[in-house]
Amino acid sequence: MPTELVVVPGVVPAGRTTTVIARRTARRAVRSGVLWGYVFAVYVASTALTFASTYKTAAQRERLAALYGSNAAVSALVGPPHQIQTVAGFTVWKCLTTLAIVGAVWGALTGTRLLRGEEEAGRWELMLSGRTTRRGATAQALAGLGAGFVALWAVTALVTAVVGRSSTVAIGVGPALFFALATVSGAAVFLAVGALTSQLVPTRRQASAYAGAALGVSYALRMVADSGAGLGWLRWASPLGWIEELQPLTSPHPDALLPVVVLTAGLAGLAVHLAGRRDVGASTFPDRPAARPHTALLNGPAGLALRLSRPTLLGWGAAVAAMGLLSGVVAKSAGRALSASTSVEKVISRLGGSGSGSDAYLGVAFLITAVLVAFVAAGQVGAARSEESGGRLDALMARPVRRWSWLGGRLGLATGAVVATGLVAAVAAWLGALSQHSQVRFVGLIGGGLNTVPPALCVLGIGVLVLGVWPRATVMATYGVIAWSFLVEIVGGTVNANHWLLDTSVFHQMAAAPAVAPDWASAGALVALGALGAAVGTFAFSRRDLVGE
Amino acid sequence: MGVAAIRTEGLSKRYGSVDALKDLDLEVVESEVLGYLGPNGAGKTTTIRLLLGLARPSAGRAEIFGLDCQRESVAAHGRLAYVPGEANLWPSLTGTETLHLLGRVQGQVDAAYREELVTRFDLDTSKKVRTYSKGNRQKLILIAALMTRADLLLLDEPTSGLDPLMEQAFRHSVHEAKGRGQTIFLSSHILSEVEALCDRVGILRDGRLVDLGTLTQMRHLSALTVEATFDGTVPDLARVPGVTSVTVEGRVVRCQVRGSVEPLLKVLAASGVHELLSREPSLEELFLAHYGAGDPTDGAPVRAD
């Protein structure tokens, strides 16, 4: 150690400051990676365990395989089935492409949030005034993202390996690790895509949109390749196709990892290169800072809220529509497979259902849609709070605008958005089912779509209540309600949980429409609860200080 | 006498155990320009947020044109315009869109004056707010307030981030508003700004109003800090008329002068002064000189920069 290096107490030695961006990014990426690893793990574990316990006999499994093996539409949506009469094969088929897409969305959002998002917020500039270059900083941030990716993989791998030890599942540790790696490789590619689009455009929102478009193209290419139209070679044009080719657990091809690694490294390298060629805060693509004024909506707080929320709401609408369409297309085959299983029949009859297999499948699918619709509600509460915490609400509240009328306008918008999203899911599912000539009634599906609204309105009301009485906890509490409820539903479905515990979930009182008729009494109770929360919250909000972060 | 533009009675605000504002009794008459001076954290912004009803008082009450700031805030807001020290606006809207929105929400806009202000402040309103510098965002929110021609302007350190040229444009606009009989409440920590614009000055320190009066009454505040470096022996400046707070460091003498500088200049000229520096004292220095040393809110010594 050189003797001239004097460490002054409270002053960080120069060598350490160079990794501050990497450590900062890593901290946030790892937190998110662990959380999503947990989601991945729950999905994989529940798929494997449910299959093992539902389809017990070889005959049931063969019948399932025969049904799906010949369905081109299902292959196009979630990838071709390999050995799905086995637990391993079914788990891969059910999880791999789905989780690759979820991981890709996570990667794109995390990459753009921690690169362009930080830069847009001005925090990047602060760091760059320290001892690092723009390229160095970007490389550090990428290293931080890498740590998040490792966390995602580690949690997924750990749980898969543990579940694999179960005698009914029986997946070895080595294959489990490789399977987990395959499911998270979509995340790796799209973390790098997010890092690259962060260099190209000036806002986080645009960067996410570009990354989302890249994902859409990848998915579409893979979909065409798997549609059985003799275009299988197209699989090699899409990162999602490479992930399919990995075929973990069934007939592993680790060599398909090569293009994944090369593309990820290439995109990351390009991002670092471009970061050095532009100014901080600027973009590689020419920015269009000016725009023609569009003032049609800007006549008051409610119009402003609509204008600001429009891109997000359209995004949610598209996501829910895609999901609805997918459920509709799969409903017929999936329903037939469900009917073939006596234990599933029992579950449906316990729920009070007597509908067809397709209806039963859609009933389950709409429970997932309900979670997405609740996210729309939570997002609106979060947006209202961010107007306040960002100080932008001051500009409205210092003018002749009543507190309750501002919040009421936002509540109205959120309610409209929630109802519209539920209906979009219903119509999309109906169109999907129609394409497969399924016997699904339109009215029943509209009921199923509207049935997703009450839990979301309950979340909305709880969010407004917290916004009124404890503003700084708003975002955490609102998303917390959804996360808790979802957890209770997953855990409660596999163990005999106490009904008091189950009742704390906003989704628990929801009937699985269209499999069974919507329970409008419970739905009414959820809406009333939400309305009460919203009323108390609005009252409290009107009588408190506006507070920042 | 008509209704006061602003009237507060025992207005107080506590945050936890800290008194951000304590027992403020203040009256601002119509068409008056009141300067509201104090160092950072003295309670200026708290006062304005209470007047706007953005925060609720812990005790006391406030009125704007006879309208209660909490219960009748919407009616009160119809007669005032507010400029915050930090312009938080919607990044995705352009300047034009922002002005349109804020004008519609306010419900009253002098469109011709708005165009004049945009030209005066030299602002390109076709750009999105996210591309604006801090100064440009401040211009935008200033224009949004001034274009309403409201009866009362509540300005909270409105010139932060403006360059000197734009500060001139701001002063011009305030004079214009004053000429039209608008009442102005100008919070600031810049003494010269308040001196140039205000009829009366209130001084706030640690949440309390410690002084309130006309500029002539506050003349004792306008001192000059002089720093002189001598070639040879340092003369005794303490006896020179108008000179106070003399400190000596080697051959450098620092002092404050009130009233005419002539007696001091005579002494300096006779003593072989090598270098002479004079400037307006910072508000902190004045506070140190007039309202006692130290800042009890954080216990740190007051900086004299």
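B:D206 is buried in this predicted model, with 20 other C-beta atoms within 10 Å, where a residue counts as buried if 20 or more other C-beta atoms lie within 10 Å of its own, as exposed if 12 or fewer do, and as partly exposed in between, the C-beta atoms being placed from the backbone. The residue is situated in the loop between β9 (200–205) and β10 (208–214) of chain B, the strands (E, at least two residues) and helices (H or I, at least four residues) being DSSP runs numbered from the N terminus. Although B:D206 is not a glycine, its phi is positive, at about 50 degrees. Most residues other than glycine have a negative phi. The model is a predicted one, in which local features need pLDDT of at least 70 and side-chain atom pairs count only at pLDDT 80 or more, whereas totals for chains, interfaces and linings use all residues. Residues are numbered from 1 along each chain as its sequence is written, and chains are lettered from A and ligands numbered from 1 in the order in which they are written.

In chain A, a positive phi of about 40 degrees is found at A:Q247, which is likewise not a glycine. A:Q247 belongs to the loop between α10 (239–245) and α11 (257–276) of chain A, and it counts as buried because 21 C-beta neighbours lie inside 10 Å.

Chain B as a whole contains nine helices and 14 strands, and buried residues make up 42% of its 305 residues. Of the contacts in chain B with a separation of 6 or more, 67% are between residues 24 or more positions apart, a contact being a pair of residues whose C-beta atoms, placed from the backbone, lie within 7 Å.

According to an automatic or database domain assignment, chain B is divided into domain 1 (6–216) and domain 2 (224–280), whose C-alpha centres lie 39 Å apart. Chain A is divided into domain 1 (17–285) and domain 2 (298–543), and the C-alpha centres of these two domains of chain A lie 27 Å apart.

Between the chains, 28 residues of chain A are in contact with 28 residues of chain B. On the side of chain A that touches chain B, α12 (301–340) and α15 (392–397) each supply at least two residues, and the largest share, five residues, comes from α15(A). The residues of this side of chain A divide into 15 nonpolar, six polar and seven charged, where Ala, Val, Leu, Ile, Met, Phe, Trp, Tyr, Cys and Pro count as nonpolar, Asp, Glu, Lys and Arg as charged, and the others, Gly among them, as polar.

Definitions and conventions: Contact = placed C-beta atoms within 7 Å.
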